[in-house]
Amino acid sequence: MIDTSKTIKVIISGGFAAVYREVLPEFERSTGIKVETGSGASEGTGPKTIRHQLANGTKADVVILSREGLQKLNEDGRIRPGSEIGLATAPLAAAVRSGSAKPDIGTVVAIRKALIDAGLVVAPSSTSGQYVRDKVFPRLNLPDTVKLTLEARGTEAAEALRAGEANLAIAPTSELAQEAGIELAGLLPPDLQLVQTFTAAVVSDSQTPDAARRLIDFLSSDTENLLAAIKCAGMERPRG
């Protein structure tokens, strides 16, 4: 039965956003549930993070973000126990402006050279960017000529790359694969890889938890359009 009385609010990070936007109209048509969507970073500091928004009075019924960010929301008591479901995984990739030569990034040695040659590197400031800053760059012992800029979201990192403010972007495949004006150069090598699981959960103070659960069930289903959107974004369903 279509329930036209329900409206739910979602706050979503960039990792699953392209898939979500593609399939949300189908959910609204089939259920009659209206969805209002806000955005925020999975991790980080400041008002653009999902954690900050929830802590400062923003109301939501569903959050969709990296599992690392969700763990912090669980610690804050903001998530309804047992409601979380992994939706899709995305490895880290690098991208260049369309038409630029694609560097070899398939080994640790190769990506170090690619980063040095690029000089200006951009990444989202959330889980992936923090990993690049705190794990990848220190391990590669890069010279001071390599500058990393963290933008609030993947879309802004892609825009910086398009605009020539950076020569290489690193982010989850899902935040790069469908951006106009840039092209994937490849995945980070296994020794430097971070595969994120983007996860949905019901917010603890949701006033419409049943409708929220219906959205999560839809996003974790095996409908043809949903699986196609996940593949197009360079993602996979979580294994196991």
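Helix α5 and strand β10 (196–202) each supply at least two residues to the lining of the largest cavity. A cavity here is a set of points on a 1 Å grid over the protein atoms alone where a 1.4 Å probe fits but cannot get out, and lining residues have an atom within 4 Å of a point. Helices (H or I, at least four residues) and strands (E, at least two) are DSSP runs, numbered from the N terminus.

Before we go on, a word on the source: this is a predicted model, in which local features need pLDDT of at least 70, side-chain atom pairs count only at pLDDT 80 or more, and totals for chains, interfaces and linings use all residues. Residues are numbered from 1 along each chain as its sequence is written, and side-chain values use heavy atoms, with hydrogens and water left out.

**Spaces in the model**

Searching the whole structure turns up 1 cavity of 30 Å³ or more. Nearest the centre of the largest cavity lie S13, G14, G15, S126 and E175. There is also a pocket to explore, meaning an open set of points with protein on both sides within 12 Å along at least five of seven lines. G14, A17, A18, R21 and T155 lie nearest the centre of the largest pocket. Its lining draws at least two residues each from α1, β2 (34–39) and α6 (154–162), and α1 gives the largest share, 4 residues.

The table sets out the two spaces. A volume is the space filled by probe spheres set on the grid points, which are joined across faces, edges and corners. Ala, Val, Leu, Ile, Met, Phe, Trp, Tyr, Cys and Pro count as nonpolar, Asp, Glu, Lys and Arg as charged, and the others, Gly among them, as polar.

| Space | Volume | Lining | Classes in the lining |
|---|---|---|---|
| Largest cavity | about 100 Å³ | 17 residues | 5 nonpolar, 10 polar, 2 charged |
| Largest pocket | about 300 Å³ | 20 residues | 6 nonpolar, 10 polar, 4 charged |

I12 has I64 as its bridge partner in β3.

**An aromatic pair**

The whole structure holds 1 aromatic pair. The rings of F27 and F218 have centres 5.4 Å apart and planes at 50°, so they form a tilted pair. Rings of Phe, Tyr and Trp (its six-membered ring) pair if their centres lie within 6.5 Å; planes under 30 degrees apart count as stacked, over 60 as edge-to-face and the rest as tilted. F27 sits in α1 (residues 17–31) and F218 in α7 (residues 209–219), so the pair ties together parts 191 residues apart in sequence. F27 counts as buried at 1% relative accessibility, and F218 counts as buried at 12%. Buried means under 20% relative accessible area, exposed over 50%, and partly exposed in between (1.4 Å probe, protein chains only).

Note on methods. Pairing = 2+ DSSP bridges.
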